[in-house]
Amino acid sequence: MQPKTPRQFFQPLAAGAPDPLTELPVRLERMIHFVPPHLDKVRTKVPSMAENADVILGNLEDAIPADAKEAARAGVVEMAGMMDWQASGTGFWTRVNPLNSPWFLEDVMTLVEKAGEQLDVIMIPKVEGPWDIHYADQLVAQLEAKHGLARPILFHAILETAEGVARVEEIAQASPRMQGISLGPADLAASRQMKTTRVGGGHPFYRVIEDPREEGGARISAQQDPWHYTVARMVDACVMAGIKPFYGPFGDISDLEACEQQFRNAFLLGCVGTWTLHPGQIDIAKKVFSPDPDEVKLARRILEALPDGRGVAMLDGKMQDDATWKQAKVIGDLADLVAAKDPGLAAAYAD
Ligand code: GLV
Ligand code: MG
């Protein structure tokens with residue numbers, strides 16, 4: 001497919017729609033906390049949840065029963081009015097139903113009209129290629145123009161089909177609306193016909209084993225991460241496009257230790273955040289996706305040792321150069337963002 005020319009790429013797709021953004025807004029998005037919007041009891045807790053989470057997402061797709069889809073949609077509209085999201089600094093997102101479902105059109109039409117001023121990002125599931133993004137892009141531009149929105153709503157794609165993984169670079173670059181991509185390990189496992197029944201995480205059968213020992217005896221064996229390839233590929237595609245990569249759901253909410261390990265692997269490989277499905281996972285995401293205070297102190301020392309980011313210096317016997325300066329800059333910038341939102345960590349970083 002012939003790509004759009006640079007000038008066309010940033011033209012609004014409908015007369016009267018807001019101009020596409022050339023840069024993503026600077027936001028802290030360590031966790032996208034999923035809320036089932038049809039449950040009154042949960043919905044009333046949204047303002048207090050928003051104080052503790054970087055992003056609150058009203059979920060309309062999987063896990064919402066078919067007979068509750070309309071109530072969930074109305075619930076997201078209600079959530080939009082529960083607080084001034086734009087002033088709060090907490091992101092307000094929704095996950096709509098897939099493009100081929102009976103609900104997608106009404107999800108988007110209702111939410112842009114009734115929640116569009118507050119909505120930061122629409123998460124689009126089961127994206128298979130750039131054409132899915134192009135279709136939603138045109139539709140949302142028409143609705144933004146119709147309802148006079150001043151600020152474009154961004155898109156986030158879930159990487160959860162074999163087709164999507166094969167085209168992840170094209171998806172990441174499909175529109176200036178693209179904010180990021182998340183791994184969807186449950187649907188991706190089904191799409192790939194992986195022989196699993198889990199939502200993310202490792203598997204006891206997927207492991208490496210050491211060679212037989214001459215002296216015999218038990219051989220050391222350890223579980224491997226079945227998501228390594230996909231996460232790494234997604235990170236490259238996102239970074240190349242200037243958008244953000246995220247880990248997705250970790251379904252075993254009782255296994256906080258494995259959840260933390262999965263989040264940490266994703267953070268180390270370049271992901272900026274994750275989904276949280278239960279309040280217990282929020283603190284884990286904060287811990288993992290905020291840089292460690294000791295790392296921040298070292299990063300700041302590296303930045304000071306090479307003030308213009310070039311040359312060479314020795315710190316504690318280790319060589320620092322342009323490349324370690326760039327790594328330190330990533331950690332230092334992230335620490336500044338975290339410190340602005342989190343007074344506890346601001347103090348730890350300042351020590
Ligand atoms: C998320 O939507 C997943 O399928 O893992
Ligand atoms: Mg899914």
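Reply: Go ahead. Bear in mind that this is a predicted model.

Me: How far apart are the C-alpha centres of domain 1 and domain 2?

Reply: Domain 1 spans 6-289 and domain 2 spans 295-350. Their C-alpha centres are separated by 29 Å.

Me: What area is buried between domain 1 and domain 2?

Reply: On contacts, 11 residues of domain 1 meet six residues of domain 2. Carbon and sulfur atoms give 63% of the area buried there. The total is about 580 Å².

Me: Which residues of domain 1 lose the most area to domain 2?

Reply: Three residues together make up 57% of what the domain 1 side buries. They are Val26, Leu28 and Arg30.

Me: Which residue forms a salt bridge with Asp54?

Reply: Two salt bridges are counted between domain 1 and domain 2. For Asp54, the closest N and O atoms of the pair are 3.7 Å apart. A salt bridge needs such atoms within 4 Å, so the pair qualifies. The partner is Lys341.

Me: How many charged residues are on the side of domain 1 that touches domain 2?

Reply: That side has five nonpolar and two polar residues. Its charged residues number four.

Me: How much of the accessible area of ligand 1 does the protein cover?

Reply: The residues around ligand 1 include Arg95, Glu160, Gly184 and Trp275. Polar side-chain atoms lie 3.1 Å (Arg95) and 2.9 Å (Glu160) from an oxygen atom of ligand 1. On its own, ligand 1 has 200 Å² of accessible area. The protein covers 93%.

Notes:
Residues numbered from 1 in each chain as written. Chains lettered and ligands numbered in written order. Predicted model: local features only at pLDDT ≥ 70, side-chain atom pairs only at ≥ 80, totals over all residues. Heavy atoms only, no water. Domains from an automatic or database assignment. Contact = heavy atoms within 4.5 Å. Buried area = accessible area lost by both parts, 1.4 Å probe. Salt bridge = Lys/Arg side-chain N within 4 Å of Asp/Glu carboxyl O. Nonpolar A, V, L, I, M, F, W, Y, C, P; charged D, E, K, R; others polar. Near = heavy atom within 4 Å. Polar contact = N/O pair within 3.5 Å; in protein donor to acceptor, adjacent residues only side chain to side chain. Areas by Shrake-Rupley, 256 points an atom, 1.4 Å probe, with all protein chains shown as cover.
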